[in-house]
Amino acid sequence: MRLRMVWLSVIVGLSWMLVGWTNPPAPADAEVPSKWQAAQGKALTVRLESSINKQEAVSDVVITYKPDVVLAYGRAKFHLPKGFSAVAGDLINGQPLTADYIQNGGQTVALPFGVDIGAMRTFELRLVGKKLPPAGQYKFRAEYWGIGIGIYNTAEAVLELRN
């Protein structure tokens, strides 16, 4: 039984490598080539934890992303608009962010690669205790890059702040 599991692991690993070589991932910060299609069923939501939706108020900002990929080994990235930024101590899925996840002065949060099986993975980025920027519309974006099966998934959500 143990030998069968070892062989199954080897075959699955080789399959992933073969698919990865025939369909390499797009570069993380490049434009998406035409062969990379956005997946359907993706969802991004942004909400304020407090009921006060005004500039200068202090609130947690909760950004939830569910890429709905069926099977992939990939990574998620959150792109925050000007006026919002992530710092060490903000939370990803309830765990504190570390500095190595934060890029571009806090405007991007790039999570490490992981496996998503059966569209079960949801990413929740919580910006803790942020002073809200001036009134206006702020566009948040998230993306998911999958290795091996050529998945690129992106979603956007707009948060509108009042005076």
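## Two strands face to face

Valine 61 sits opposite leucine 127 in β9. That pairing is a handy way into this model, which is predicted. Valine 61 also has a bridge partner on another strand: leucine 48 is paired with valine 61 in β2.

Zoom out from those residues and you get the strands themselves. β2 and β9 run antiparallel and are joined by 7 bridges. β1 and β2 are antiparallel too, with 6 bridges between them. Strands of a sheet pair through backbone hydrogen bonds, and they can do so either parallel or antiparallel.

## The sheet they belong to

Which order do the strands of the open sheet follow? There are 5 of them, in the order β1-β2-β9-β4-β5, and the pairing is antiparallel. β1 and β5 (95-96) are at the edges with a single partner strand each, so one side of each has no neighbour in the sheet.

Now for the chain as a whole. How many helices and strands does the protein chain have? The tally is 1 helix and 11 strands, and along the sequence the pattern reads α-β-β-β-β-β-β-β-β-β-β-β. Among the contacts in the chain with a separation of 6 or more, 71% are between residues 24 or more positions apart.

Of the 163 residues in the protein chain, 38% are buried. The largest nonpolar core holds 32 residues, and those with the most contacts inside it are Leu44, Val61, Ile63, Phe78, Phe84, Leu125 and Phe140. Which elements give two or more residues to this core? They are β1 (43-48), β2 (58-66), β3 (71-79), β9 (123-131), β10 (136-147) and β11 (152-161). In soluble globular proteins, nonpolar side chains tend to be buried together.

If you skip its neighbours within four places in sequence, isoleucine 63 is in contact with Leu44, Thr45, Val46, Phe78, Leu80, Phe123, Glu124, Leu125, Leu127 and Phe140.

## Rings that pair up

The model has 6 aromatic pairs. One of them is tyrosine 65 with phenylalanine 78: the centres are 6.4 Å apart and the planes stand at 75 degrees, an edge-to-face arrangement. Tyrosine 65 is in strand β2 and phenylalanine 78 in strand β3, so the pair ties together parts 13 residues apart in sequence. Both tyrosine 65 and phenylalanine 78 are buried.

Another pair is formed by phenylalanine 84 and tyrosine 138, with ring centres 5.4 Å apart and planes at 80 degrees, so this one is edge-to-face as well. Phenylalanine 84 comes from the loop between β3 and β4 (91-92) and tyrosine 138 from strand β10, so the pair ties together parts that are 54 residues apart in sequence. Both phenylalanine 84 and tyrosine 138 are buried. There's also a cluster in which ring pairs link Tyr65, Phe78, Phe123 and Tyr144.

Serine 59 lies in strand β2. Is serine 59 buried or exposed? Its relative accessible area is 4%, and the cut-off for buried is under 20%, so serine 59 counts as buried. Its side chain has a polar atom 3.2 Å from the backbone nitrogen of glutamate 49, and the side chain of serine 59 also reaches the backbone nitrogen of serine 50 at 3.1 Å. Apart from neighbours within four places in sequence, serine 59 is in contact with Leu48, Glu49, Ser50, Leu127, Gly129 and Lys130. Take lysine 130: it is 71 residues from serine 59 in sequence, yet their C-alpha atoms are 5.4 Å apart in space.

Threonine 108 belongs to strand β7 (residues 108-110). It is buried too, at 4% relative accessibility. The side chains of threonine 108 and asparagine 104 make a polar contact of 2.9 Å. Leaving out residues up to four places away in sequence, threonine 108 touches Lys77, Phe78, His79, Tyr101, Ile102 and Gln103.

The mean pLDDT of the protein chain is 77, and 68% of its residues reach 70 or more. Where does pLDDT stay under 50? That happens over residues 14-41, for which the model has 39 contacts beyond four places in sequence. Where pLDDT is low, the predicted coordinates should not be read in detail.

Notes. Residues are numbered from 1 along each chain as its sequence is written. Side-chain values use heavy atoms; hydrogens and water are left out. A nonpolar core is a set of buried Ala, Val, Leu, Ile, Met, Phe, Trp, Tyr and Cys residues joined through side-chain atoms within 4.5 Å. Buried means under 20% relative accessible area, exposed over 50%, partly exposed in between (1.4 Å probe, protein chains only). Helices (H or I, at least four residues) and strands (E, at least two) are DSSP runs, numbered from the N terminus. Contact means heavy atoms within 4.5 Å. Two strands pair if DSSP finds at least two bridges between them. Rings of Phe, Tyr and Trp (its six-membered ring) pair if their centres lie within 6.5 Å; planes under 30 degrees apart count as stacked, over 60 as edge-to-face and the rest as tilted. A polar contact is a pair of N or O atoms within 3.5 Å; within protein, one must be able to donate a hydrogen and the other to accept it, and residues adjacent in sequence count only if both atoms are side-chain atoms. pLDDT is the predictor's confidence in each residue, from 0 to 100.
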